[in-house]
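Here is a briefing on a protein model. Look over the sequence and the structure first, then read the notes by topic.

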Amino acid sequence: MSPSPLSPVSTTSPAAPTTGPGALNASRTAATAARVLRQLRHDPRTIALMILIPCLMLILLRYVFDASPRTFDNIGASLLGVFPLITMFLVTSIATLRERTSGTLERLLAMPLGKADLIAGYALAFGTLAVVQSALATGLAVWLLGLDVTGSPWLLLLVALLDALLGTALGLFVSAFAASEFQAVQFMPAVIFPQLLLCGLFTPRSHMHPALEAVSDALPMSYAVDGMNEVLHHPDMTATFLRDVLIVAGCALLVLGLGAATLRRRTA
């Protein structure tokens, strides 16, 4: 194996910047993302889960409310953000846990690969699939299922993509605390279901008990749903929409940082 480009000065420079969580190298990040994508390419069931399930759920929802298209308009936009978050959370947590339990993660961390490189590579790989997933789901809902939105469909796509990236970040994070794929799935009721109940999908958050409303204000899915509703009812980008997407993006970055902090060499 060829030495690191920094090896000639390694006698006087600390090793931490090369392997520490703060060292982000574009080539190593891209190599990690390419490896994850190659593995996913040989797993058609996982790809189908990520790409097709949100679309199928939207089709099912549209015809559940076949006699009331306006109801589909009211909740379809919100679920356009919720479905990608849930599927990306499931797939990312299980796939990353598989890397941890198989020893792949430990071998990667023994190489000159920073924690930031590794977590960014996973995020880039799953984020690439999230772009495809969000684009298909948004295009299906707006142009084939007749979802009627006042604002731009591109803003819907933006929120759906950020939701998928948030699901990816949450999946990377919780995989550190599960010992098996079954335990990874068990985190879904703890991490996703409370957000689903409190995000304002079933009732406006202002109608909830004050304590629950306060909790919902701290959950990122609430702002994802609020952002979708802004696009649904306003023709232009509003200040509230901008606030919502910045909060969702900030939460995704924060959770990715926490995911990098949980990476450790010991897999058992």
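Buried means under 20% relative accessible area, exposed means over 50%, and partly exposed lies in between, with a 1.4 Å probe and protein chains only. By that rule Arg28 is partly exposed, at a relative accessible area of 23%. The model is predicted: local features need pLDDT of at least 70, side-chain atom pairs count only at pLDDT 80 or more, and totals for chains, interfaces and linings use all residues. Residues are numbered from 1 along each chain as its sequence is written, and side-chain values use heavy atoms, with hydrogens and water left out.

**Overall fold**

- The protein has 13 helices and 0 strands. Both are DSSP runs numbered from the N terminus: helices are H or I with at least four residues, strands are E with at least two.
- From the N terminus on, the order of elements reads α-α-α-α-α-α-α-α-α-α-α-α-α.
- Of the 268 residues in the protein, 48% are buried.
- Contact means heavy atoms within 4.5 Å. Among contacts between residues at least 6 apart in sequence, 77% join residues at least 24 apart.

**Second largest pocket**

- The search runs on a 1 Å grid over the protein atoms alone. A pocket is an open set of points where a 1.4 Å probe fits, with protein on both sides within 12 Å along at least five of seven lines. Lining residues have an atom within 4 Å of a point.
- The second largest pocket holds about 310 Å³ of space. Its lining counts 17 residues, and Leu40, Asp43, Thr46, Ala95 and Arg98 are the closest to its centre.
- Grid points are joined across faces, edges and corners, and the volume is the space filled by probe spheres set on the points.
- Four helices each supply at least two lining residues: H2 (26–41), H3 (44–51), H5 (69–102) and H7 (115–144). H5 gives the most, with 8 residues.
- By class, the lining has 9 nonpolar, 4 polar and 4 charged residues. Ala, Val, Leu, Ile, Met, Phe, Trp, Tyr, Cys and Pro count as nonpolar; Asp, Glu, Lys and Arg count as charged; the others, Gly among them, count as polar.

**Rings and charges**

- Phe173 is partly exposed, at 22% relative accessibility. Phe177 is partly exposed too, at 47%.
- The charged end of Arg62 sits over the ring of Tyr63, 5.4 Å from its centre. Arg205 has its charged end over the ring of Tyr223, 5.7 Å from the ring centre.
- Sitting over a ring requires NZ of Lys or CZ of Arg within 6 Å of the ring centre and within 35 degrees of the ring normal.

**Links across the sequence**

- Leu256 lies in helix H13 (residues 239–262). Its C-alpha is 7.0 Å from that of Phe173, 83 residues apart in sequence.
- Beyond four places in sequence, Leu256 touches Ile119, Ala123, Ala169 and Leu172.
- Met188 sits in helix H9 (residues 181–191). Met188 counts as buried because its relative accessibility is 13%.
- Met188 and Leu90 are 98 residues apart along the chain, with C-alpha atoms separated by 7.7 Å. Leaving aside neighbours within four places, Met188 is in contact with Ile86, Phe89, Leu90 and Phe193.
- Arg28 belongs to helix H2. The C-alpha atoms of Arg28 and Gly114 are separated by 8.5 Å, at 86 residues apart along the chain.
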